[in-house]
Amino acid sequence: VQQRLKFLHIRMLEMKDDGNCQFRAISYELYGTQEHHEYVRIRVVSHLKQHEQDFSFFVGDDYEWGAYLGKMGCLRCWGDEVTLTAAAQAFDVNIHVVSTEEANWLLHYGDKDRYETSRHLFLAYISPIHYNVVAPLPSSAVIIRDASTGSL
């Protein structure tokens, strides 16, 4: 991921590694702190419950859906692509994820029709277990080259 981040002129901000990292990363992007991760989780699970018809088929039958919601409502339960999609909808944002995966290393969750007008959150996914936030490099660390000459 470091090579991809360098190429994109961004850096990684580490989230606490306690099973809440996806929700911590979303909290950080929304509120500037990881500490609202529990609120983010509650809102995401509530959104999943309110939109069962849009999400339950990703999980399984009624029993599996109920078990999934129960599990996701618990602190320290890892978030997944379903919770990323629900978070994008619940907070009306677009979420971009730079991943360590070989293929599909840049993922997008959110409403493509509102892409230009909604807020954008930027996460890093260290497969298979951890989410962080990505942020611009400090301006002093960015070197801009003239594309036509290659000079600084």
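The legends below describe a predicted model.

**View 1. Overall layout of the protein chain.** The secondary structure of the protein chain comes to six helices and five strands. Read from the N terminus, the order of elements is α-β-α-α-α-α-α-β-β-β-β. Taken along the principal axes, the C-alpha atoms fill a box of roughly 60 × 35 × 30 Å. Of the 152 residues in the protein chain, 40% are buried.

View 2. Seven of the 10 residues of α6 are buried, so the helix is mostly covered under the cut-off of under 20% relative accessible area. The buried residues of α6 are Val 82, Thr 83, Leu 84, Ala 86, Ala 87, Ala 88 and Ala 90.

**View 3. The salt bridge between Arg 114 and Asp 92.** Asp 92 also takes part in a side-chain pairing: Arg 114 and Asp 92 meet in a salt bridge, with an N to O distance of 2.6 Å. Arg 114 lies in the loop between β3 (106-109) and β4 (119-126), and Asp 92 in the loop between α6 (81-90) and β2 (93-99), so the pair ties together parts of the chain that are 22 residues apart in sequence. Arg 114 is partly exposed, at a relative accessible area of 30%. Asp 92 is likewise partly exposed, at 39%.

**View 4. The salt-bridge network of Asp 18, Arg 24 and Glu 35.** Side chains of opposite charge can pair when their charged atoms come close. Here Asp 18, Arg 24 and Glu 35 are linked in a network of salt bridges. In the pair formed by Arg 24 and Asp 18, the closest N and O atoms are 2.9 Å apart. Both Arg 24 and Asp 18 are buried. In the pair formed by Glu 35 and Arg 24, the corresponding closest N and O atoms are 4.0 Å apart. This second pair links distant parts of the chain, with Arg 24 in helix α2 and Glu 35 in the loop between α2 (21-31) and α3 (37-50), 11 residues apart. Arg 24 counts as buried because its relative accessibility is 5%, which falls under the 20% cut-off. Glu 35, in contrast, is exposed, with a relative accessible area of 57%. A search of the whole structure finds three salt bridges.

**View 5. A patch of negative charge on the surface.** Glu 52, Asp 61, Asp 62 and Glu 64 gather in this patch. One of these residues, Asp 62, lies in helix α5, which covers residues 62-72. Asp 62 counts as exposed because its relative accessible area, 65%, is over the cut-off of 50%.

View 6. Met 12 is found in β1, a strand of residues 10-13. Its relative accessibility is 17%, so Met 12 counts as buried under the 20% cut-off. Met 12 and Ala 124 are 112 residues apart in sequence, yet their C-alpha atoms are 7.2 Å apart in space.

Methods:
Residues are numbered from 1 along each chain as its sequence is written. This is a predicted model: local features need pLDDT of at least 70, side-chain atom pairs count only at pLDDT 80 or more; totals for chains, interfaces and linings use all residues. Side-chain values use heavy atoms; hydrogens and water are left out. Patches are made of residues with over 30% relative accessible area and no salt bridge: like charges are joined within 9 Å, nonpolar side chains (Val, Leu, Ile, Met, Phe, Trp, Tyr) within 5 Å. Accessible areas come from the Shrake-Rupley method with a 1.4 Å probe; for residues, only the protein chains shown count as cover. Lys and Arg count as positive and Asp and Glu as negative; His and the chain ends are not counted. The place of a charge is taken as NZ of Lys, CZ of Arg, CG of Asp or CD of Glu. Helices (H or I, at least four residues) and strands (E, at least two) are DSSP runs, numbered from the N terminus. Buried means under 20% relative accessible area, exposed over 50%, partly exposed in between (1.4 Å probe, protein chains only).
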